[in-house]
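Visitor: I am new to this structure. Could you show me how to read its features, step by step?

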Amino acid sequence: MKIAIAKGNLQVPPTYFAITHAERMKDKHDFQFFTLNANVATGVTELVIRQATPGGNLLGFDRKNMFMPLFEKRMAAQIRRFDPDVIHQHFATWSNAAVSASRATSAPLIVTVHGADVHLMSSGLQSPMAERNRRSVSNALKQSKRVLAVSKYLADKAMTAGADPKKVEIHYQGIDTDVFFPGSLEVFDAEPQVLFVGNHSIAKGARDVFLASVQAYSHVAHKLIMVGGGPLVEELRSEALSYQHIEVLGSKDRSQIRQLLQSSTVFMSASQLHNGWTEAAGLVNLEAQACGLPVVGYANGGIPEMVSSEASTLVEEGDITNLGHALTEALQLSRSEQIRTREAARRFAVDERSLQLSCQQLDGFYNDVLAD
């Protein structure tokens, strides 16, 4: 089967989810990627990636994004020449090329919505580009044979945004549990290490994690490691100078993040509603659990679907005091309790949210739309 994967722009890292399924399934199907603008790290994939906006890397990824609307027809033509059996669009925004190619070739369209695209439909954002993207989302939802939502939470939002309930399916993206796996049990012999990985912003709750750690430290000594970029990095780094137990490291690559996960004992996830945005899924929570870490965080958006109830604790969004209490309790577990939660977290990731299971489901969707 020839599968055309379409995305408005493709930057890897960080968006590994766009290529992981195709990488795992490439021996079964012929995948090609079509995008308006790409910036893919060398050695990440051998899959064919066709970029419609000319200029290579001379203009830079961010600058080329400004010219993307001019080359949607070119991207649509590239997809048509591939003559795909199925077109799979990631994000319903910037989907005009995929929709056009689907109409021209009669190849069924599958659209995976990831959050920002669906939230746009109910946001109050007013600009020519916002209106353009709303039309793009609406057309994609109408043309699609299946709308795949990355959580039940987002599936409900997609139907509110106009998706036909008969088309909507929940498709958890899954993570590679062969890449993310627990480290040595010796981690429990060292000082407890708490890890936060994400954009240092209000939406991702970076400050809430910081404050919850300060609160918990008065009860249980530990180290808090904060990883990621974002607008609050320098501010939190400056504040961390007053607390010996907190390190704000900035951005790290995927292998470095895995090493930090394997050397930590608790993972924190404090995403929250901000400017109409909320977390649709949160794959990093699955990566943490695959490495055996319990998650302490907020019950926000799709996050409750991404954590094991046996291994993790979620509190009401915005309740920093209870977040600190939950962290304290997680840090006070006995060694036997830590091992039990480690096993439960890993089991959830492997049995219910693995990339292998996600690929099996996606293959079923591809076959179903061809059979319709």
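Guide: Start with one cut-off. Buried means under 20% relative accessible area, exposed means over 50%, and partly exposed lies in between. By that rule R207, at 24% relative accessibility, counts as partly exposed. Keep in mind that this is a predicted model.

Visitor: Which residue forms a salt bridge with R207?

Guide: A salt bridge needs a side-chain nitrogen of Lys or Arg within 4 Å of a carboxyl oxygen of Asp or Glu. Here E235 pairs with R207, and their closest N and O atoms are 2.3 Å apart. E235 sits in helix 9 (residues 233-240) and R207 in helix 8, so the pair links distant parts of the chain, 28 residues apart. E235 is partly exposed, at 39% relative accessibility. A network of salt bridges links R207, E235 and E239.

Visitor: How many salt bridges are there by this rule?

Guide: The count comes to 14. One of them joins the side chains of E72 and R132, at 2.5 Å from N to O. E72 is in helix 3 and R132 in helix 6 (residues 128-143), 60 residues apart. E72 counts as buried because its relative accessibility is 9%.

Visitor: Is E279 buried or exposed?

Guide: E279 is buried, with a relative accessible area of 10%. E279 forms a salt bridge with K204, with 2.7 Å between the closest N and O atoms. E279 lies in the loop between strand 11 (266-269) and helix 11 (283-290), and K204 in the loop between strand 8 (193-197) and helix 8 (206-217), so the pair ties together parts 75 residues apart in sequence. K204 is partly exposed, at 23%.

Visitor: Now the rings. How many aromatic pairs does a search of the whole structure find?

Guide: It finds 4 aromatic pairs. Planes under 30 degrees apart count as stacked, over 60 as edge-to-face, and the rest as tilted. The rings of F17 and F91 have centres 6.2 Å apart and planes at 50°, so that pair is tilted. F17 and F91 are both buried. The pair of F34 and F82 is tilted too, because its planes stand at 45°, with centres 5.7 Å apart. F34 belongs to strand 2 (residues 30-40) and F82 to helix 3, 48 residues apart. F34 and F82 are both buried.

Visitor: Which residues gather in a patch of positive charge on the surface?

Guide: The patch holds R50, R74, R80 and R81. Helix 3 (residues 72-82) gives the most, with 3 residues. R80 lies in that helix. With a relative accessible area of 36%, R80 is partly exposed.

How values were computed
Residues numbered from 1 in each chain as written. Predicted model: local features only at pLDDT ≥ 70, side-chain atom pairs only at ≥ 80, totals over all residues. Heavy atoms only, no water. Patch = residues over 30% accessible without salt bridge, like charges linked within 9 Å, V, L, I, M, F, W, Y side chains within 5 Å. Areas by Shrake-Rupley, 256 points an atom, 1.4 Å probe, with all protein chains shown as cover. Lys, Arg positive; Asp, Glu negative; His and termini not counted. Charge placed at Lys NZ, Arg CZ, Asp CG, Glu CD. Helix = DSSP H or I, 4+ residues; strand = E, 2+ residues; numbered from the N terminus. Buried < 20%, exposed > 50% of the residue type's maximum accessible area, 1.4 Å probe, protein only. Phe/Tyr/Trp six-rings, centres within 6.5 Å; stacked < 30°, edge-to-face > 60°.
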